Amino acid sequence: MDKHLSTPTPSSASPSVPALELRAIDKRFGSVHANRTVSFAVAPGSIHGLIGENGAGKSTLMNIVYGFHRADSGEIRVNGRSVEITSPQEAIAAGIGMVHQHFMLVENFTVLENVVLGVEGGALLAGGLARARTELERLARDYALDVPLDAVVSELPVGLQQRVEILKALYRGAQILILDEPTAVLTPQEADALFRMLRRLRDEGKSVVLVTHKLREIMAITDRVTVMRQGAIVAEVATATTSPRELAEKMVGRAVLLRVDKSLAQPGATLLAVRDLDVRDRLGVARVKGVSFDLRAGEIVGLAGVSGNGQSELLEALAGIRFPTRGSITLQNHDLIRERLDPRQRRALGLAHVPEDRLRMGVVANFSAEDNAILGYHDRATYNPGALLDRAAIRAACEGKMAAHDVRPPMPSLRISAFSGGNQQKLVLAREIDVDPRVLLIGQPTRGVDIGAIEFIHKKLVALRDAGKALLIVSVELDEILGLADRILVMNAGEIVGELLRADATEEKIGLMMAGIDSRAGFSPPTESGLKSALPQT
Amino acid sequence: MSAPQKLPRWAELGLLPLINLAAALLLSGLVVKILGESPWAAFKLLASGAFGTQEGIGYTLYYATNFIFTGLGVAVAYHAGLFNIGCEGQAYIGGLGSGLIALWLGDRAPFFVVLPIAIVAGAAFGAAWALIPAWLQARRGSHIVITTIMFNFIAASLMTYLLVNVLIKPGQQSPESREFGPQAMLPAAHELFAKIGITFSPSPLNLAFAIALLASALVWVLVWRTRWGYALRVVGQNPSAAVYAGISPSRIIIQAMLLSGALAGGLGLNELLGSQHRILIDFPGGAGFVGIAVALMGRNHPIGILVSAVLFGALAQGGAQLAFDMPKINRDMVVVIQGLVILFCGALENVFRAPLALLFRAKGEK
C-alpha cells in the first residue's frame with residue numbers, strides 16, 4: 001500500500017474501492033436546497049477535506065452520513081457496500097464516527113466512563129470498564145492518543161476533551177472519522193497535536209473527513225479537498241495541486257482578498273492608557289499581572305497569545321465586565337477603575353466592545369436582529385423619546401446598520417440566530433461602531449465567520465483606524481493579528497512579554513514570545529495558570 | 001436533531017395549546033367514563049356550568065381574576081429567568097396588606113381614597129414577601145425555587161398566627177377578621193351593570209377583574225415596550241449579554257421579583273375586598289400555584305395569560321357545577337381534570353410538538 005508515501009491519490013491500490021462514497025445525495029429543508037445531488041468519495045487511508053462557507057451544506061451532508069438527517073434521495077456506500085443510515089447507531093455500526101464541534105461528553109464523568117457510555121456491555125459496570133481500559137490503553141499506544149483515563153472530563157483542557165471524542169469513536173470501531181470544525185476551539189498548539197494524531201490515524205489505514213472553513217488547515221493536512229458552495233460541489237482536487245487563493249475563490253465564487261490592504265499607520269494622541277492592571281478570576285487566581293500599554297488614535301494594536309493566557313480577562317477588564325484588583329484605565333480623563341464605571345458608562349465615554357464569544361455575550365440568540373442591534377444602547381434617548389421604546393426608530397436604526405454593513409438578509413425582525421455567523425458579527429460590529437466610539441475593543445473579529453465576511457470586516461476595521469479610532473484586537477488567529485495590527489503586544493501567563501511594531505514582527509518572533517521565551521528577558525517559566533493552560537503546551 | 005422544532009407562530013401560540021387541551025379533556029373523558037358517567041354529558045355540564053348562565057360566567061371570571069394576578073406574577077419573574085413558585089405566599093401576604101387597609105379605613109375614608117391605598121398596600125406587602133428570596137438569589141445565589149417554596153410555608157404560618165391571635169373578631173371561633181367597612185368593598189359587577197341599566201345575575205365578579213385587565217396591559221407595555229422590560233428580557237435570556245450591555249442582572253432580578261410579588265398581591269383585591277370582605281384563612285386557595293400553570297400555558301404573555309386564566313376559571317366554576325350535578329364525580333375529580341390540563345399544557349407540551357413540526361415540514365416541502 002502506498003499510504004506511507006502520503007501521496008494525494010492512494011487509489012492506485014489495487015481495489016480502488018472508496019472507504020466512504022456518497023452518490024447523488026439530495027436534501028431539502030423546506031424551501032432551502034441544502035444539498036444538490038452531491039457525490040463524493042473518500043479513499044481509504046486518506047484525509048479528505050470538505051470546505052465551504054457557512055451555510056454551504058457541509059454540515060448537512062455530514063449529518064446525513066452520521067444519521068442525524070435523512071437524505072431525500074441518493075445513496076451512501078461504505079467500502080463499496082450500500083448502507084442504509086437512519087440513526088447515529090447505524091452509522092457507528094457501519095464504522096463511521098463523528099466528532100462534533102460542540103463535544104457530546106458528560107462533563108462530570110471520567111474519560112473512561114465517557115468512552116463506555118452507551119456500550120457498557122452488561123448491567124454491571126466493572127467488567128465493561130476493565131475491558132474498556134485495556135482496549136483504550138491499546139488504542140492510546142497505537143495512535144499516540146494519550147488521555148488520563150481516570151480524569152474527570154470537565155477538568156481537561158479542550159484539546160484533550162476532543163481527544164476523548166476521538167477515542168470514543170475509535171472504541172466503537174470507527175474506520176471513517178468525521179471531524180466537524182475540529183480546530184474552532186483549539187489553540188494553535190492543540191491544533192498541531194490534533195493534526196499529528198490525524199496523520200497517524202491515516203497511516204494506520206483509517207479515513208478522515210475534515211470539515212472546516214479554514215484554508216490553512218486544508219493545505220496543511222489533507223490529501224484531497226472537496227469544495228462546496230450553495231449546497232453543491234464546485235471542485236474536488238488533490239491538495240498538492242491547488243492553492244489557498246484558488247480554494248478561497250471556489251468557496252466564495254469570486255476573487256477574494258486574503259491579505260488586508262492598508263497604508264502605514266499614522267498614530268496620534270493616546271486615547272486609552274492602561275497602567276499596572278491586575279485581574280483575578282473568581283477563584284482568586286491572577287489572570288492579568290501588571291499590564292500597561294497605550295492605545296493611540298489611528299492605530300490597530302493586536303494582542304497575541306496562546307488562548308488562556310489572560311487576553312480574554314484583559315479585554316473584559318477593559319470593557320468593564322470584570323473589575324481589576326489593581327491598576328488604572330484612563331479614558332477621556334476618567335479613571336474607569338477608580339470611578340467603577342460599568343460597561344454602559346464606558347460606552348458613554350466612547351469605548352465600544354465587540355466580545356470574543358458572540359453567542360455567549362454579544363447577542364441574545366432569541367431576540368430579533370433589531371433588538372440585538374440596540375443591546376447596550378437600549379436606554380439611549382434615540383430609542384426612548386419618552387417612557388416607552390420607540391419601535392419604529394429601533395427598526396429604522398437596524399435597517400440602516402444592515403444596509404451599511406451588508407447584513408443579509410436585511411430583515412430586522414428576523415431572529416438573530418437565523419443569521420449566519422458572519423452576518424451576526426457584521427451586525428454586532430455595526431452596533432458598536434455606529435455610535436462613533438473613540439476606542440474599539442474587538443475580541444476574535446472573525447471567529448466563525450466565512451471568508452466573504454472576513455474580508456468585509458477587515459476592511460471596516462482598517463477604515464475605522466484611518467478615521468482616527470484606536471483599535472485593540474484580540475485574536476487567536478496569528479494571521480489575523482499579522483494582517484491587521486500596526487503594533488503587536490504578546491501575552492504569556494497574564495503578562496505582556498513583548499511588544500513589536502508590525503514591520504519588525506515575524507510569525508517566529510511572536511511564536512517564541514507566546515511560548516514565554518522573551519528575547520530580552522530570557523525564558524520566563526509559565527506560572528500558576530493551572531492545568532488548563534499548562535497541558536496543551538506540548 | 002435534538003434542536004427544538006420550529007413551528008409557525010400561530011401554531012405555536014394557538015394550535016399547540018388547543019391540541020394539548022383537547023388531549024387533556026379526552027383523557028379526562030376516559031376517567032369520567034370509567035367512573036360510570038357519560039363523558040359528553042359531563043363535558044356539557046362543565047361548559048354550561050362555566051359559560052351557560054350569567055351567574056356561571058360571573059363566577060368563571062371571578063376565579064380567572066385571581067389567576068390573572070398570579071399568572072402575571074409568575075410571568076414577570078419568568079422573563080428574568082426566575083421560576084417564582086412563591087406567588088401563593090406573596091398573594092397571601094399581599095392580601096394581608098390590602099385587608100389591613102380595608103379594616104383600618106373601610107369605615108372612615110371614602111372609597112376612592114381606600115381603593116388606591118389598598119392597591120398600593122397589597123402590592124407593597126406582596127413585593128416585600130418576594131424581596132428576601134430575591135435578595136438571596138441575586139446576592140447569594142440561593143435558588144429562588146427553594147426559597148420561594150419555603151416562604152409559602154412561612155406566609156401560611158404567619159397568617160394563621162395573625163388570624164388566630166391578632167386579627168380574629170372578638171367572641172368568634174373561626175379565624176377571620178371582622179367585616180370590612182362599606183367603603184372598602186369593591187363594587188360587584190352586577191351592581192356596576194345595574195347602574196348603566198343592564199341586569200346581570202349576582203356573582204362575586206367585581207371591579208378587581210377590571211384592575212386585573214389593566215394590570216395585564218401594563219405588564220405588556222412594561223415588558224415589551226420599555227427599556228426596563230428590554231433589560232429584564234436580556235437578563236432572562238442571556239445574563240452574560242446583560243453584563244456585557246451594562247445591565248446589572250442582580251438589580252433586575254430583585255426588581256423583577258418585587259414586581260412579581262406585587263402582582264400576586266393583587267389577588268387580595270379580588271378575593272378579600274371584592275368578595276369575602278374580611279381576611280380569612282387560606283384565601284388564595286392555591287391560586288398561586290394555578291398561576292404557574294396559567295403563565296406556562298399562556299406562554300408568559302399577558303394575552304395568553306388572560307385566555308388560560310379564563311380556562312382555569314372555567315374549570316374551577318364548571319367543575320363545581322359538575323360535582324354538584326353528577327353524584328359520581330366529586331370535587332377531587334375536578335382537581336384531576338385540572339391536573340391533566342396542567343400536565344398536558346405544561347409538562348408534556350412538547351409531546352405534540354414534534355409530530356406537528358413534522359407535519360408542517362412535510363407541507364412545506366411539497
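Phe419(A) lies in the loop that joins helix 13 (391-404) to helix 14 (421-433) of chain A; helices (H or I, at least four residues) and strands (E, at least two) are DSSP runs, numbered from the N terminus. The model is predicted: local features need pLDDT of at least 70, side-chain atom pairs count only at pLDDT 80 or more, and totals for chains, interfaces and linings use all residues. Residues are numbered from 1 along each chain as its sequence is written, while chains are lettered from A and ligands numbered from 1 in the order in which they are written.

- Phe419(A) is buried, because 22 other C-beta atoms lie within 10 Å; a residue is buried if 20 or more other C-beta atoms lie within 10 Å of its own, exposed if 12 or fewer, and partly exposed in between, with C-beta atoms placed from the backbone.
- Apart from neighbours within four places in sequence, Phe419(A) is in contact with Ala369(A) and Gln424(A), where contact is defined as C-beta atoms, placed from the backbone, within 7 Å.
- Between Phe419(A) and Glu339(A) there are 80 residues of separation in sequence and 38 Å in space, C-alpha to C-alpha.
- Pro409(A) is also placed in the loop between helix 13 and helix 14 of chain A, and the peptide bond from Arg408(A) to Pro409(A) is cis, with omega near -5 degrees.

**Positive phi at non-glycine residues of chain A**

- Asn79(A), which is not a glycine, has a positive phi of about 50 degrees and sits in the loop between strand 4 (73-78) and strand 5 (81-83) of chain A.
- Asn79(A) counts as partly exposed because it has 17 C-beta neighbours inside 10 Å.
- Gln332(A), likewise not a glycine, has a positive phi of about 55 degrees; its loop lies between strand 14 (326-331) and strand 15 (334-335) of chain A.
- With 13 other C-beta atoms within 10 Å, Gln332(A) is partly exposed.

**Domains and confidence of chain A**

- The domain assignment, which is automatic or from a database, divides chain A into domain 1 (19-252), domain 2 (257-350 + 437-538) and domain 3 (362-434).
- The C-alpha centres of domain 1 and domain 3 of chain A are 36 Å apart.
- The average pLDDT of chain A is 84, and 91% of the residues score at least 70; pLDDT is the predictor's confidence in each residue, from 0 to 100.
- Residues 1-14 of chain A have pLDDT below 50, and this stretch has 23 contacts in the model beyond near neighbours in sequence.
- Residues 518-538 of chain A also have pLDDT below 50, with 32 contacts beyond near neighbours in sequence.

**Contact between chain B and chain A**

- Chain B contributes 18 residues to the contact and chain A contributes 24 residues.
- On the side of chain B that touches chain A, the elements giving two or more residues are helix 9 (227-237), helix 10 (239-245) and helix 16 (353-365) of chain B.
- That side of chain B comprises eight nonpolar, six polar and four charged residues; Ala, Val, Leu, Ile, Met, Phe, Trp, Tyr, Cys and Pro count as nonpolar, Asp, Glu, Lys and Arg as charged, and the others, Gly among them, as polar.

**Helix 9 and helix 11 of chain B**

- The axes of helix 9 and helix 11 (residues 249-265) of chain B come within 10 Å and cross at roughly 110 degrees; axes are lines fitted to C-alpha atoms, for helices over the stretch in contact, and angles run from 0 to 180 degrees between N-to-C directions.
- Helix 9 of chain B is therefore roughly perpendicular to helix 11 of chain B; angles under 35 degrees count as roughly parallel, over 145 as roughly antiparallel, 65 to 115 as roughly perpendicular and the rest as oblique.
- Ala231(B), Leu232(B) and Val235(B) in helix 9 of chain B meet Pro249(B), Ile252(B), Ile253(B) and Ala256(B) in helix 11 of chain B, a contact with seven nonpolar, no polar and no charged residues.

Terms used. Two residues are in contact if their C-beta atoms, placed from the backbone, lie within 7 Å.
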